[in-house]
Amino acid sequence: MNSADFRKQAPNIVIWLLLLAMPFWLVGVGGYVELGTRVVVLGLAAMSLNFLLGYTGVLSFGHAAYFGLGAYGAGMIIRYVVPNTGLGILVGTLVGTLAAAIIGPLIIRLRGVYFAMVTIAFGQVFYFIAFRWNSVTGGDDGLIGWTRQPIDLGFTRIDILHNPTAFYYLVLICFALAVGIMAWLLRSPFGRTLIAIRENERRARFLGIPVDRHIWISWVISCCFVSLAGALYALLNNFVDPRALYWTQSGDFVIMAVLGGMRSFWGPLLGAAIFVILQDYLSSQTENWMSFLGLFFVLVVLFFPRGILGLMRRKAVT
Amino acid sequence: MTQLVLFDAFNGLIVGAFYALMALGLSLILNLSGVINFAHGGFLALGGYFAYMLIPYVGFWGALILAPFLVAFLGIIVERVLIRRLYGRDPLYSLLLTFGLAFIFEDGTRFIWGAQSLPYQVPGWLLSPLSSAYFFITGYRLFMVLIVAVAVTAMFLILNYTKIGIRIRAGTLDLETVSVLGVNVRMLRSLNFGLGVYLAGLAGVLAVGQLGLQPTIGASLIMPSFVAIIVGGLGSLPGTLLGGLLIGVASGVTTVFWPSATEAVIYVMMAAVLLVRPRGLLGEEGRF
């Protein structure tokens with residue numbers, strides 16, 4: 001690896017090292033392991049959203065629906081079918097992906113604010129189903145009475161329930177897989193095509209690219225990984241409630257992506273970290289954390305529209 | 001049974017009238033400025049709370065007239081100070097901004113007036129049923145439908161017959177040309193925003209008499225308003241009106257047969273409309 005290559009890869013290496021060592025240094029700086037797990041899970045959700053938002057240029061405001069479907073899928077498998085963590089994650093992800101694949105054709109023809117409006121409205125169906133179907137989903141109280149199960153590898157069992165560090169690494173493995181696939185896709189001709197659509201949809205269409213189909217695929221991929229994040233989120237809390245599906249949750253994902261920087265691959269993770277820590281801090285300090293969060297949205301939009309990484313990159317250029 | 005269906009259909013019609021009133025305001029702003037105003041529900045709630053504060057001083061009728069204007073005034077300030085900066089930028093930003101505002105409004109009203117439902121008085125003579133067979137048709141309910149009808153008619157008259165209304169409609173189609181023709185587009189957008197928010201405030205004053213005055217009232221009405229716009233047809237105001245009434249009645253009638261699906265049914269309708277007629281019932285071909 002020559003030095004130019006190394007300089008290009010350096011940020012990636014630093015990020016992975018930080019993530020790998022998170023349970024150790026996070027406790028040292030006054031955090032706790034679950035906080036790190038939450039950052040990684042919500043970071044995955046924001047990065048998945050950004051696959052669509054930042055790299056395809058399609059404004060989705062309804063990703064909480066698929067996040068929540070993943071969460072309910074995982075929780076319900078463990079609660080009702082088989083107490084198996086791996087299967088829960090798999091089924092949760094599949095349920096969310098399937099729902100996205102079915103809804104996709106109805107919405108991909110719309111663009112911009114209209115796409116945002118339809119995605120957010122569709123998300124509400126699942127919210128009301130979760131809210132109303134008391135006997136199965138637990139309604140407003142959420143799905144309780146289950147916990148994440150130990151992982152049986154044949155030669156050893158890993159207790160992820162009582163060992164938060166072990167669970168953190170399980171989450172990090174899923175995160176690495178998902179993020180790796182997204183990075184690989186973005187570097188492939190398919191990913192380049194998505195960026196071409198973002199930059200100039202009309203020109204892409206003239207070049208003979210089936211734009212709608214590409215947006216549909218990008219939407220399904222994005223929702224697939226967001227449902228994976230949702231499944232992990234349910235396991236993290238040992239609990240799911242309808243708020244995971246509510247439209248305000250979608251807004252949280254979008255603000256994470258924007259805050260970190262939509263045009264950078266790692267930006268949403270940074271945004272998620274800041275958001276999680278801020279929310280953790282605000283909700284412990286004041287009852288009116290919603291106002292402060294709202295104010296935070298307004299300030300980000302007015303002063304950091306390019307996000308933190310976007311701002312840094314711009315400084316580096318000038 | 002028939003009476004029960006009628007009762008719920010009528011209830012649905014009233015709720016649908018609120019959806020329509022709110023959705024019309026949202027539509028106006030969306031069509032001219034390309035902004036989805038998430039804070040619309042917050043403005044609606046403020047309409048209710050302003051009326052609550054005003055009633056002891058000016059009475060119900062005074063509040064009905066004053067409160068929406070106060071809300072519109074506040075809306076114009078918000079537009080001038082915050083939203084105006086984001087015109088012409090990626091719609092994502094105005095979306096996030098109004099989203100944050102919605103949080104602030106909901107939490108702010110909770111902070112000022114408390115989370116519990118407040119008693120809200122409408123004139124007593126409006127509350128008595130008009131006939132014993134159709135006990136559910138109280139004066140207040142008819143009155144609400146009437147006010148909504150008047151407001152909507154007035155809005156369409158303004159849009160079709162006044163200079164400002166014609167400019168708003170022209171701006172919806174081609175803002176650049178309107179600007180080149182010497183119309184002050186910034187002012188036009190401000191006024192249009194004010195008009196949209198005025199409708200939300202009016203809906204708020206009326207709705208709290210029926211649905212109760214609490215901080216979450218705005219959040220519960222905004223999503224159905226989105227659905228009303230999508231079902232009726234993006235960009236079409238008559239469509240929005242139709243969409244609002246339609247989903248209101250549909251969810252009212254569903255209450256009779258399958259109460260748990262009351263909220264979900266409108267989203268199923270939306271899916272059906274998008275499947276069969278992607279531009280919405282009265283939407284124009286090829287605009288979106």
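I began with Asn238(A), which I found in the loop between helix H11 (211–237) and helix H12 (247–260) of chain A; helices here are DSSP runs of H or I of at least four residues, strands are E runs of at least two, and both are numbered from the N terminus. Phi of Asn238(A) is near 55°, a positive value in a residue other than glycine. I counted 15 C-beta neighbours inside 10 Å for Asn238(A), so this residue is classed as partly exposed. By the rule I used, a residue is buried if 20 or more other C-beta atoms lie within 10 Å of its own, exposed if 12 or fewer, and partly exposed in between, with C-beta atoms placed from the backbone.

A note on the source: this is a predicted model, in which local features need pLDDT of at least 70 and side-chain atom pairs count only at pLDDT 80 or more, while totals for chains, interfaces and linings use all residues. Residues are numbered from 1 along each chain as its sequence is written, and chains are lettered from A and ligands numbered from 1 in the order in which they are written.

Val91(A) counts as buried because it has 20 C-beta neighbours inside 10 Å. Leaving out residues up to four places away in sequence, I found Val91(A) touching Gly73(A), Ala74(A) and Ile77(A), where contact means C-beta atoms, placed from the backbone, within 7 Å. Val95(A) also lies in helix H5 of chain A, and with 22 C-beta neighbours inside 10 Å it is buried. Apart from neighbours within four places in sequence, Val95(A) is in contact with Leu69(A), Gly70(A), Gly73(A) and Ser227(A).

I then turned to a helix pair in chain A: the axes of H4 (residues 63–81) and H6 (residues 112–132) come within 8 Å and cross at roughly 30°. Such axes are lines fitted to C-alpha atoms, for helices over the stretch in contact, and the angles run from 0 to 180 degrees between N-to-C directions. In this contact Ala64(A), Ala65(A), Gly68(A), Leu69(A) and Tyr72(A) of H4(A) meet Phe122(A), Gly123(A), Phe126(A) and Ala130(A) of H6(A). By class I noted seven nonpolar, two polar and no charged residues, with Ala, Val, Leu, Ile, Met, Phe, Trp, Tyr, Cys and Pro counted as nonpolar, Asp, Glu, Lys and Arg as charged, and the others, Gly among them, as polar.

For the chain interface, I recorded 35 residues of chain B in contact with 35 residues of chain A. Helix H3 (91–113), helix H8 (217–232) and helix H10 (264–276) of chain B each supply at least two residues to the side that touches chain A, and the largest share, 15 residues, comes from H3(B). That side of chain B divides into 27 nonpolar, four polar and four charged residues.

Last, I checked the largest nonpolar core, where Ala121(A), Leu232(A), Leu21(B), Met22(B) and Val227(B) touch the most other members among its 197 residues; a core is a set of buried Ala, Val, Leu, Ile, Met, Phe, Trp, Tyr and Cys residues joined through C-beta atoms within 7 Å. Not counting residues up to four places away in sequence, Leu232(A) touches Val41(A), Ile89(A), Val171(A) and Cys174(A).

Key
Two residues are in contact if their C-beta atoms, placed from the backbone, lie within 7 Å.
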